[in-house]
Amino acid sequence: MNAATLEFIRTHANDDIRQLALGRVHADVNLREALAQIEGRQVAARKLPTCAATDGFLFPPRLSLEQCSSEATARYKRDIVARLAQSLPLGRAGEGPALSFIDLTGGLGIDFMTIAPLFEDATYVEHNSDLCELARHNLPLMGCSHAKVICEEVAVGCSSIASQQYTMMLVDPARRDAVGRKVARIEDCTPDVCALQGKLRSHARYTLIKLSPMLDLTAAFRALNGIKEAHVVSVDGECKELLLVMCEGERDNNQIPIYCVDLRGQATTFCFTFNEEKAMFQGNAAFLSPDRVGLTGRFLYEPNASILKAGAFKTVCRRFAVQKLAPDTHLYTSATLIDDFPGRRWRIIDSASFAKKDLRRLLAGIDAADLSVRGFPASVAMLRRQLHLREGGNSHFIASTLVDSTKILFRVERV
């Protein structure tokens, strides 16, 4: 990219793309490249603020930008890697072998440039030659001048894996098929980590694998051997990443620690194992009584997205002394407020069954409200029509189901 184009990007970094496309520019300016970079910087402003604020950082096409890790999740992966590396001899102090890191699916390189400064030896691998060129340009800007860039397709026999032993490998398989459709199964992603797992374990002390947040965790444990720990990561209430740490040796899948991490605001971590979940209550002892008398003034909770994704539904009851509304309704309640509950919290102002008389009482004078459903056999849109409630207003209602299958409508307020 020539100097005139780079200067045009700096000058118009915050301008409207559509207006720039209609204007006249100097002949030396490659307008197509410039507009792509200005759009990329604007898209990245929230997801990748450090990159967006770095003068000269170049961005890939929009699809690669949408698929890359956020800076928040990249920092979380760096923390995992740093913790694992602490137990190994550090080469920087001249004691023991140098620690080495390789990212087998570099992409835009957000994870790589966040983790690579921890290591003396860092290698970026990517099969897309355009992304490799971007990496050669961007990595020195982000403090990774020592990094090697290799353009290669990762497969069982590729030289990147076979060339040496690594302290840490990172692999983030592409989750789209040949025609661009999203896929979730490990075997359908590229590269196929199931086929590669023997090589990964034999050539790295640890391998950090990033998988689709849509993938079932138990399916991942069945498909891959040597899983040491799992991390389910959510950002702003949405599950974003499923991370697995793989190493040599076999593990009991039911004993693998599962870290449920919510990076919204003050980050919270909830750790459990499948054995712990299976050992929880049997029958209905920990479920709320269907008698609605006394519900007013109680507190209602919904675990964060990571806990719901990991399936720690029963463990939550014991850890926080709450009762579940019903087996398939992932809402919980308690008589007193639990300040450190990892999720949303409401106070129950009132409640009603779906008998017409009950609903008239609960909804008296209210024609607009926020409405959500949890474990309820109707969508929000369907329920709005039934209750004649418009969007907006100052009231919030949650429709749910109790342990005896009674349908209930809670009027709540956030706490």
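In this predicted model, the side chains of Arg 10 and Glu 7 meet in a salt bridge, with N to O at 3.5 Å, a salt bridge being a side-chain nitrogen of Lys or Arg within 4 Å of a carboxyl oxygen of Asp or Glu. Both residues lie in helix H1 (residues 3-11), three residues apart, about one turn of the helix; helices (H or I, at least four residues) and strands (E, at least two) are DSSP runs numbered from the N terminus. Arg 10 is partly exposed at 41% relative accessible area, and Glu 7 is partly exposed at 43%, where buried means under 20%, exposed over 50% and partly exposed in between (1.4 Å probe, protein chains only).

The model is predicted, so that local features need pLDDT of at least 70 and side-chain atom pairs count only at pLDDT 80 or more, while totals for chains, interfaces and linings use all residues. Residues are numbered from 1 along each chain as its sequence is written, and side-chain values use heavy atoms, with hydrogens and water left out.

A search of the whole structure finds 25 salt bridges, including these:

| Salt bridge | N to O |
|---|---|
| Lys 210 and Glu 241 | 3.2 Å |
| Asp 339 and Arg 345 | 3.8 Å |

Lys 210 and Glu 241 are both buried, whereas Asp 339 counts as exposed at 61% relative accessibility. Salt bridges that share partners join Lys 77, Asp 111, Asp 172, Arg 175, Lys 210 and Glu 241 into one network.

Strand E16 (residues 407-414) runs antiparallel to strand E13 (residues 343-353), joined by seven bridges, strands being paired if DSSP finds at least two bridges between them. Within this pairing, Ala 352 has Leu 409 as its bridge partner in E16.
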